[in-house]
Protein chains: 2
Amino acid sequence: MDERRGEDADQAAGTAHVAADATHGLAVLGMISFLELASFSRLAADASLAPALEQRLELSGMARHALDRMARVGSRISELGGEPTAAMTPFSGSLVEFDSRTVPSTWWERLLKAYVGYGVADDFCRVLAGAVDPTTRTLVQDVLDDERHARLVVELLAAARAEDPTLAPRLALWGRRLVGEALRVVQEVLQRHPALRELLPVAMGEAPEEAQQKLFARLTAEHSRRMDRLGLAA
Amino acid sequence: MDERRGEDADQAAGTAHVAADATHGLAVLGMISFLELASFSRLAADASLAPALEQRLELSGMARHALDRMARVGSRISELGGEPTAAMTPFSGSLVEFDSRTVPSTWWERLLKAYVGYGVADDFCRVLAGAVDPTTRTLVQDVLDDERHARLVVELLAAARAEDPTLAPRLALWGRRLVGEALRVVQEVLQRHPALRELLPVAMGEAPEEAQQKLFARLTAEHSRRMDRLGLAA
């Protein structure tokens, strides 16, 4: 039997029959678990470069919360019969290229990178979680519902912009570059992970061919809303 | 009145009358609290460079434990009437030069740096804690009694040396450089913090002029013991 033909047939029937089974839930949870670990690493690195001890402590505390979230996601992975480290492994290289393409040159660019990057990643995870089992979905929504980092960035950047009026246009440009690179990661993740790709039409309530386009429109709109919040043009 | 004369008079009377008051306890706790934060940052950075996901998770978990220890030390600072962030602040620049002088060029050098650096720092803290109030002393001993990182380094380096026989002599050299730089930090910390300097003769049971010399002998001996454990010449 032609394997590809079987795969195509599955894909064609995609929207109609793919429901949330454990494989799909585990793929979403594995990705989120890895993203929380990456978030831990990035926040810890940001913390160690923070100009003041107070900010260093605040960001270190946030890094710690990312590990807590990773542990909560890991528990759900175990409940679904998976193994947390194994579930994360397929995603463990997914940010290497993004990081090498978006090396911040200032503390403010660094803060904005985390804000934009987590924003897109969290929105993507929320969309996919809409198509998995209700317990997993509720957990994901709860885990991603943490506004502390965004509030800190909004507050620090507002103060910095008040002192340096040339900062806003430079950061707006940096934000556009970041979102472009972040959307590219989303595209690559979908290409490499069939289980996530299969969830997308269900999550978006669209045919497979439209689902991805609509996803990117939504991620872009959410990004613009976040940049608005910073007073920066998207 | 000549301020310097007053300070000299205090120093001369040092060993005889200095007992563990809250100022001394707060200085020791402030230093340990900052060292735990620094330990968090270094372990998180090591984690993000770990060659395998399992090691990354293990080191991230250890980074998290450093923050837990910082929080425990912070509680004791509050009990003694201090403010945790304020108590840490005087120490917040104390590792900058050490770090710039000891940039690891390989993953193994990085692991050894943490092992040697924490080792010296922990021993120094343990010595000083011997001269403060019993509650603080017990807390410090308990907080520093964490062998997990050392065990991991011993295990990973043993495996690496088995694969590459040229590693041992290079790491032995690196270890000597690290301990030299670490002892230099201890010396600078003592110079800059009179409260810690005053504790030293009490802690070592020696006259001020001998106490520092004896401290360095002890720190060096403990370092040799740790290098022995790795099978490396100190």
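Where is the place of A:Ala38? A:Ala38 sits in helix α2 of chain A. Before going further, keep in mind that this is a predicted model.

Is A:Ala38 buried or exposed? With a relative accessible area of 9%, A:Ala38 is buried, because anything under 20% counts as buried here. Leaving out residues up to four places away in sequence, A:Ala38 touches A:Leu95 and B:Arg56.

A:Ala22 is partly exposed, its relative accessible area being 35%. A:Ala22 and A:Thr136 lie 114 residues apart along the chain, and their C-alpha atoms are separated by 10.0 Å.

Now for the pair of chains. Chain A can be superposed on chain B by a rotation of 180° with 0.0 Å of shift along the axis, giving an RMSD of 0.0 Å. The two copies are thus related as by a two-fold rotation axis.

Which surface do the copies use to meet? They meet through the same surface, since 95% of the interface residues of chain A are also interface residues in chain B.

## Two residues of α2 in chain B

Helix α2 of chain B covers residues 22-49, and B:Ser41 is one of its residues. B:Ser41 is buried, at a relative accessible area of 10%. What does B:Ser41 touch, if residues up to four places away in sequence are not counted? The answer is A:Ser48 and A:Arg56.

B:Ala44 is in helix α2 of chain B too. B:Ala44 has 2% relative accessibility, so B:Ala44 counts as buried. Not counting residues up to four places away in sequence, B:Ala44 touches A:Phe40 and A:Ala44 from chain A, along with B:Ala63 from chain B. As for B:Ser60, it is 16 residues apart from B:Ala44 in sequence, and the C-alpha atoms of the two are 5.5 Å apart in space.

## Where α2 and α10 cross in chain A

Back in chain A, helix α2 (residues 22-49) packs with helix α10 (residues 194-204). In general, two packed helices are described by the angle between their axes and the distance between the axes. For α2 and α10 of chain A, the angle is about 105° and the axes are 9 Å apart. The two helices are therefore roughly perpendicular to each other.

Which residues make the contact? On the α2(A) side they are A:Thr23, A:His24, A:Ala27, A:Val28 and A:Met31. On the α10(A) side they are A:Ala195, A:Leu196, A:Glu198 and A:Leu199. Sorted by class, the contact of α2(A) with α10(A) has six nonpolar, two polar and one charged residues.

## Helix α3 of chain A

Helix α3 of chain A takes in residues 53-79, which makes 27 residues. From first C-alpha to last, α3 of chain A reaches 40 Å, close to the 39 Å expected at 1.5 Å a residue. After α3(A) comes A:Gly81, with a positive phi near 90°.

Over in chain B, B:His193 has its place in the loop between α9 (167-192) and α10 (194-204). B:His193 counts as buried, at 13% relative accessibility. Setting aside neighbours within four places in sequence, B:His193 is in contact with B:Pro90 and B:Phe91.

Helix α11 of chain B (residues 208-230) has 23 residues. From its first C-alpha to its last, α11 of chain B reaches 34 Å, close to the 33 Å expected at 1.5 Å a residue. Its buried residues are B:Ala211, B:Leu215, B:Phe216, B:Leu219, B:His223, B:Arg226, B:Met227 and B:Leu230. What covers them? The cover includes α6 (107-129), α8 (148-163), α9 and α10 of chain B. Just after α11(B), B:Gly231 takes a positive phi of about 75°.

Methods
Residues numbered from 1 in each chain as written. Chains lettered and ligands numbered in written order. Predicted model: local features only at pLDDT ≥ 70, side-chain atom pairs only at ≥ 80, totals over all residues. Heavy atoms only, no water. Helix = DSSP H or I, 4+ residues; strand = E, 2+ residues; numbered from the N terminus. Buried < 20%, exposed > 50% of the residue type's maximum accessible area, 1.4 Å probe, protein only. Contact = heavy atoms within 4.5 Å. Least-squares fit on C-alpha atoms with pLDDT ≥ 70 in both. Axes fitted to C-alpha atoms, helices over the stretch in contact; angles between N-to-C directions. Parallel < 35°, antiparallel > 145°, perpendicular 65-115°, else oblique. Nonpolar A, V, L, I, M, F, W, Y, C, P; charged D, E, K, R; others polar. Expected span 1.5 Å × (residues − 1).
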